[in-house]
Amino acid sequence: MKFKLKSKMKPAGDQPQAIKKLTAGLEKNFNRQTLLGVTGSGKTFTIANVIDEVQLPTLVIAHNKTLAAQLCNEFREFFPNNAVEYFVSYYDYYQPEAYIPGSDTYIEKESQINEEIDRLRHACTQALLSRRDVIVVASVSAIYSLGSPEQYLNEAVIFKIGEKIDRTSVTRKLVELQFERTSGDLTRGTFRLRGGVLEIVPVHEERIYRLEIDSHIKIIEILDVVTRKVIKEVSEVWLYPAKHYLASVEDTENAFAQIRSDLDAQLKYFEKAGKVLEYERLKRRTRYDLEMIKNIGYCSGIENYSRYFDGRAEGSAPFTLLDYFAACDKDFLTVVDESHVTIPQIGGMYNGDRARKNTLIEHGFRLPSARDNRPLTYPEFEKRVNKMIFVSATPSAFEIKESQQVVEQIVRPTGLIDPEVIIRPVTGGRPLAVIATRQLAGKQSNVGIAASSANGRTPRNDKNNLSQIEDLIIRIDERVKINERVLVTTLTKKMAEDLNDYLLKKGVKVKYLHSEIDTLERIEIITDLRRGKIDVIVGVNLLREGLDLPEVSFVAILDADKEGFLRSETSLIQTIGRAARNINGRVVLYADNITGSIKRALSETDRRRTVQLAYNKKHNITPKTIEKNIRDILSEFGLTRVAGKGRGHSRAKKILELDLKGDSRPLPEIIKEKEMEMRKAAKELEFELAAILRDEIGVLKKRQ
């Protein structure tokens, strides 16, 4: 199948030239390109058009799960008839195995696997091995160890109507593929054989494959896993392994021989060094793991033996998602979203993992081969990707240097220009500077806010020598009066908390957004800001990449002259961009000194404004604030808002008490409905909601 882009939108602003240049670059075999796209310019739509033009399988890498989910949903809307998949770490909770020699503390690996994300990972690898029209949106999990694609494909089985089948051999084969036999309810990765009926639930979808057999396969049906209604009859089905790590019998025997050989060598090393404890620890651990693999085909931490089962040489790179892409098409396209953050993240994974593994090996917890279960180094990553596009509003010097072409997308389809930026003093006194673009902006700069004089002074503020907080309160009040929203970013968590308390005492409707607030509550706060239930959000580093709030017209950056990560040129430009979706957008930097980062950030912002205003004037465009529907995703999935904090079962119980009032239906019926809602939430990548529903189901089942 071919990619087919579906959208009511047409490329506008700088999008047409960006699409044309990027596509031409790919056709000229440019291996590295950069799309410098300002906030709100429709970079995702541009990339979707490029994919539609070049027709290449595409890997999109984002730096966190939330952004990856947002991107995945956007690409699914653009390509509804193609395979758009989501690949991130499948752990809800993950504590890696570690050892702290100083306190003689061993931390055992502890994890909680999210079954829905595991299903989506299998859907990714299976799509890549069976079709070309695939877009995978991934986190940096894409560079972590995964089983061999060749082995994964070779072990797949196909069932066809009329094919001879032997009950014993098919059962043995399913067990070899890590499927579990059950006589109870069917779940992902299980099968049930009753008389002449074989029922299997594959790992990549919530459906039942039902085969009627005697000596041959008579019927193959696909059923809904909940209602058991027949969805369709088919002539054949493909069944892939239930786990990415597996090996044939021959490979297993070879692996066991190598593991025992390496174990003997390491034990001799410990014996010679007089490390009795480490000797005994490694011997018992490894022999136990070998027995588990021999008897049940799996053990906890089997990935640490992956080099043996993959047949790789010592020190060689592991198989990753990139190898599955190469199996699909060696010429695949890689798009690195927010590359200024994602590229350093990719490059930084290897060293931390190796340091932890070295400690485990040195103290007898793992064989030296554990080092080869690791993420890729950046050079290894580069070798495995061919054509790559860096996407960012603030690409770093690295991306610019690596790129054979830098394509700018500065003009937005909406005609919106970058916000006006003013510098105000922290401690009070005369302002240091104003971005002097008022004469270009015309009326746009004066909408809904007191105008500044030519020297950058706001008359009623400056005569009183106001401090940054006093000035901020006046500006917040001006925005509230015209029903617009405000973001305030501080340097420290303590300052954010204190400012939040101070603004509350002043009667401002404000909320503090910080790292200890769970994802569900964060969604509530941001939705409340958009709806006008609150007017201001205060935060530290949560107001940058990926926050799309058209209602926000004013952004305040406190202590902007404190050089560092939070006040670097990149951070300042990204934060300034939060006000770029509103026609009245304005940003105030509170600073007593003009730092190098401030100077460069303002210079770039002024350059972009000049280009945008010239384009609008030439094409007679009147800028419009971006309009975006306000989704209450909690109510969409039948959840009730619960005030205050609370996680897991405690939160689920509170929600349930409200949900169950007046609901006289039997518990099994309510549970069934909740399960369907959970699957719907997970399918739409709303994993936080799916987790809440999962906890509700757990509470309800205990009441049965």
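Student: Which residues does UniProt mark as "binding site" here?
Tutor: The unreviewed UniProt entry places that feature at G37, V38, T39, G40, S41, G42, K43 and T44; UniProt positions follow the numbering used here, feature names are shortened, and annotations may be inferred rather than shown by experiment. Bear in mind that this is a predicted model, in which local features need pLDDT of at least 70 and side-chain atom pairs count only at pLDDT 80 or more, while totals for chains, interfaces and linings use all residues. Residues are numbered from 1 along each chain as its sequence is written, and side-chain values use heavy atoms, with hydrogens and water left out.

Student: Where does T39 lie, and is it buried or exposed?
Tutor: T39 lies in the loop between β1 (32–37) and α2 (43–54), where helices (H or I, at least four residues) and strands (E, at least two) are DSSP runs numbered from the N terminus. T39 is buried, with a relative accessible area of 9%; buried means under 20% relative accessible area, exposed over 50%, and partly exposed in between, using a 1.4 Å probe and protein chains only.

Student: What is T39 in contact with, leaving aside neighbours within four places in sequence?
Tutor: T39 is then in contact with A393, R412, G577, R578, A580 and R581, contact meaning heavy atoms within 4.5 Å.

Student: Switching to α17, which residues are buried there?
Tutor: In α17, which covers residues 493–505, the buried residues are A496, L499, N500 and L503. They cover an arc of only 105° around the axis, which puts them on the same side of α17; the arc is that of the directions from the helix axis to the C-beta atoms.

Student: And what about the other side of α17?
Tutor: On that other side, K494 and K505 are exposed, whereas the cover over the buried residues of α17 includes α16 (468–481), β22 (485–489), β23 (510–513) and β24 (536–539).

Student: One more topic, why is β12 largely enclosed?
Tutor: Strand β12 (residues 197–201) has four of its five residues buried, so it is largely enclosed by the rest of the structure.

Student: Which strands pair with β12?
Tutor: Strand β11 (residues 190–194) pairs with β12 in the antiparallel sense over five bridges, and strand β13 (residues 207–213) pairs with β12 in the antiparallel sense over four bridges; two strands pair if DSSP finds at least two bridges between them. T190 stands opposite V201 in β12, while V197 stands opposite E212 in β13.

Student: How many residues separate β11 from β12 in their hairpin?
Tutor: There are two residues between them, and G195 in the turn has a positive phi of about 60°.

Notes: Expected span 1.5 Å × (residues − 1).
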